[in-house]
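Here are a few exercises to work through with the viewer open. Try each task before you read its solution.

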Amino acid sequence: MRYAILGDIHANLTALETVLASIQSEGVDRILSVGDVVGYGAAPTEVVQIVRELDVVVVKGNHDAACVDELDTTYFNPYARAAVDWTREALDDPDLEWLRALPLVQHLEECTVSHGTLSHPERFDYIQCTEDADPSLDELDVPVCFVGHTHVPVAIMRNIDDPTRTSYTTESEIDMSTIARAIVNVGSVGQPRDEIPFTGYALYDTEAERVWIKRLEYLVEREARRIRAAGLPGMLADRLFLGV
Ligand code: ZN
């Protein structure tokens, strides 16, 4: 089985189209999404439509939850809050209902999907170090849980030869045959924050026992123009060029 896993898309249509073209050339059986399908970007309707049409296995992110009034945005930064308010107005009712119906966790045969932690997905806590990942690794009953939320790709794992120790790697190829359990952050399709202004996604081949983090250049300018034209804060366009 070959899975493609999409990190936070954040309504970035150009980035999503670039990623989907790559996925098509890779030959993938199923597409998964770690949530934050919308928020920040200016193409929520188009992006939700594509994700729905492709029957992507999706979980709910904190921005998705905020758009359907399930999360208090007091703690969002002003730009994020402005984007949530804009997105709520931009989406029609069926798409808002689709967002509302998304589960917090998806359990598949060979992997699990969550936005933040697997231990408390409803809190949308960030996994930023090995200690943050430990409760989720304890919960995990399949080889890997794919997550997003920080927009920074990293794999945190316990190896078969020393399952008591949690370590991490930022390598773009992860050999799952030596790993007992892993939390893999797949980065972000639509708003990378590792100072590399490329889109990206993860590929998981269960037979090859490999996960690859793919990074791809895309037309940032086109998406930045869409954000400015929508009247969203200009900072949300500027940051795409910097990957922050
Ligand atoms: Zn996000």
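The exercises below go from the metal site to the sheets and then to the cores.

This is a predicted model, in which local features need pLDDT of at least 70, side-chain atom pairs count only at pLDDT 80 or more, and totals for chains, interfaces and linings use all residues. Residues are numbered from 1 along each chain as its sequence is written, and side-chain values use heavy atoms, leaving out hydrogens and water.

**Exercise 1.** Find the residues that coordinate the zinc ion, and explain why the arrangement is irregular.

*Solution.* Start with the donors, meaning N, O and S atoms within 2.8 Å of the metal (3.2 Å for Na, K and Ca); water is not among the atoms, so sites may look incomplete. Asp8 (OD), His10 (NE2), Asp36 (OD) and His151 (NE2) coordinate the zinc ion at 2.2 to 2.3 Å. Next, look at the angles: the four donor atoms subtend 83 to 175°, so the arrangement is irregular. For four donors, tetrahedral requires all angles between 85 and 135 degrees; four count as square planar and six as octahedral if opposite donors are over 155 degrees apart and all others between 65 and 115; anything else is irregular.

Finally, check the spacing in sequence, which is D-x1-H-x25-D-x114-H. His10, in the loop between strand E1 (2–6) and helix H1 (13–26), and Asp36, in the loop between strand E2 (30–33) and helix H2 (44–53), are 26 residues apart and link distant parts of the chain. Here helices (H or I, at least four residues) and strands (E, at least two) are DSSP runs, numbered from the N terminus. Both His10 and Asp36 are buried, that is, under 20% relative accessible area with a 1.4 Å probe, protein chains only.

**Exercise 2.** Which residues have the most contacts inside the largest nonpolar core?

*Solution.* Such a core is a set of buried Ala, Val, Leu, Ile, Met, Phe, Trp, Tyr and Cys residues joined through side-chain atoms within 4.5 Å. The largest has 44 residues, and Leu6, Leu16, Ile23, Val51 and Leu99 have the most contacts inside it. H1 gives the largest share of this core, six residues. A second, separate core of 23 residues includes Val57 and Phe146.

Notes:
Buried means under 20% relative accessible area, exposed over 50%, partly exposed in between (1.4 Å probe, protein chains only).
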